[in-house]
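Here is a short briefing for a first look. Begin with the structure itself, then take the points by topic.

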Number of protein chains: 2
Amino acid sequence: MTGTSGKPLGIIAGGGPVPRHVANAATRDGRPVLILGIGGEADQTIEAFPHAYLQWGQIGRMQKLLNERDIEEIVLIGNINIRPDFRSMKLDLGAVKIVPKVLSLMTSGDSDLLSGVIKIFGELGYIVVGAHEIAPDLTVGAGPIGRHGPDAAGQKDAERAMIAARAIGAIDAGQAAVAINGRIVALEAAEGTDAMLERVAALREKGRLRWSGRAGVLAKCAKPQQDLRVDMPTIGLKTIQAAVDIGLAGIAVEAGRAMLMDRAEATSLADDEGLFVIGEPSGGPSAP
Amino acid sequence: MTGTSGKPLGIIAGGGPVPRHVANAATRDGRPVLILGIGGEADQTIEAFPHAYLQWGQIGRMQKLLNERDIEEIVLIGNINIRPDFRSMKLDLGAVKIVPKVLSLMTSGDSDLLSGVIKIFGELGYIVVGAHEIAPDLTVGAGPIGRHGPDAAGQKDAERAMIAARAIGAIDAGQAAVAINGRIVALEAAEGTDAMLERVAALREKGRLRWSGRAGVLAKCAKPQQDLRVDMPTIGLKTIQAAVDIGLAGIAVEAGRAMLMDRAEATSLADDEGLFVIGEPSGGPSAP
């Protein structure tokens, strides 16, 4: 992190352990951190670091807290489960000031909320950096994670599923696909990866899909237009458990362009169950 | 049908009314027909034409019946619901003769059963023609069927869904996609079109997809490698009923490259419910 050492970092934190992981990585790099936990979302473990809590709508308070510490760079990371209720939200003065910008973003046809959020932070004078830029070990590197790698059939399915995931990303439809024994059996769109995996399980239960032993690969791949700073494809313990339950052979993601959450337990589960998790070099095969 | 008038036509008939529709069209063109109904599948209404019934495995009998009438061209059409039980199937001498060819096809890695069937008929000296070549009115022509056409939003969704359907066809994954208000929300793979539509309905019920009034389009499109003689994308009353139930605005297919079954009832339902069904010129927009 040459050139950033010593520069303070703000972490706007949703739920889960990852914000703390990012704070640890920044601290190791010699950067002071301030975690601003979103009320009702952030985990209490953030309190091991300099921190404060923010309620939805407290933009002015956020600016004051960041500016007091000369923080220019911020990371937005963690789960957001509660949809902010815009009607009951209390806007502070800082929030009221940006209302026209938010409204203009929302009506400009820019349907991508996250890129809108990045723009607004930019307008307020902050630079949004990716959690993976601070903690590169959050991402899946090239090659297998854990003990198992793909056999020839697994490698072929990984390529096939990755081609499918890239093709549906190119049309801005989804990120994930499943290929089993050379055949693409599921493509993700609005239902999301978990529901897509449930569908594969249901098709197997009904006998509509048949295979023996572990076979097939889930591939997950960022869309070309996806902003990896705030929205990176993610797999975790839940994904790996679903792949195990379905009887897949492995999971493939683009090296450096997907996050693995719960790394220790996820790797240990994959190792125990004989599942491979692999980072494929990006720029691999795509549909003609 | 210049050049074929008077030439006898064999129709190997599964279930439903379409085999009879093809026989009618051939008769109108001055061609004698023989319908060979598959036992347990073909509708009794085929008996209005010269006909016989075949059981699975009666290849020799089929050849005899076709050759007696100098039939060279055949159409394979209609629903097959019962999977032939290969163990209890009684092979006649004609069938036994082609067993080596069938086995060699099945083990050659040619996973496409239907193109295998066409090859076997070719080896036996027959020419397989598409039902739509005999009865072009089975297909959807260019432009809207029925009273309703798409508005600007419907046209945009039709294009978006068609781009998605082409993209997943190009990777040999599926034929159908749904776009609603500019967003691709569902892509078909192993689950099939009906299950994909049920998924869109379920996502709407759960509030994961929201729209008001009728919006969104189901597109269905042949894969580039699909043999339209025996396997053409098909929509019918059930598809239109599902689109109505979900609240879609319309259905788009490639003009001349998709069949509309139950045309009268299907059109009447679409008209009553304000749904459009449109044939888009092929070679339209596809993903970059």
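In chain A, 41% of the 288 residues count as buried. The model is a predicted one.

**Chain A overall**
- Chain A holds 9 helices and 13 strands.
- Its C-alpha trace spans about 60 × 40 × 35 Å along the principal axes.
- A compact globule of 288 residues would have a radius of gyration near 19 Å, and the 20 Å of chain A agrees with that.
- Take the contacts in chain A between residues at least 6 apart in sequence: 75% of them join residues at least 24 apart.

**Where chain A meets chain B**
- The contact involves 21 residues of chain A and 21 residues of chain B.
- On the chain A side, the elements giving two or more residues are α6 (152-170), β8 (183-187) and α7 (192-205).
- α6(A) gives the most, with 5 residues.
- By class, this side of chain A has 16 nonpolar, 1 polar and 4 charged residues.

**Helix α8 of chain B**
- Helix α8 of chain B covers residues 237-246, and its buried residues are B:Thr239, B:Ile240, B:Ala242, B:Ala243 and B:Ile246.
- These residues lie on the same side of α8(B), because they cover an arc of only 160° around the axis.
- Their cover includes two helices of chain B, α7 (193-205) and α9 (263-273).
- Strands of chain B also take part, including β9 (217-220), β10 (234-235), β11 (250-254) and β13 (276-280).
- Just after α8(B), B:Gly247 takes a positive phi of about 95°.

Notes
Residues numbered from 1 in each chain as written. Chains lettered and ligands numbered in written order. Predicted model: local features only at pLDDT ≥ 70, side-chain atom pairs only at ≥ 80, totals over all residues. Buried ≥ 20, exposed ≤ 12 C-beta atoms within 10 Å, placed from the backbone. Helix = DSSP H or I, 4+ residues; strand = E, 2+ residues; numbered from the N terminus. Arc of directions from axis to C-beta. Contact = placed C-beta atoms within 7 Å. Nonpolar A, V, L, I, M, F, W, Y, C, P; charged D, E, K, R; others polar. Rg over C-alpha atoms; globule rule 2.2 N^0.38 Å.
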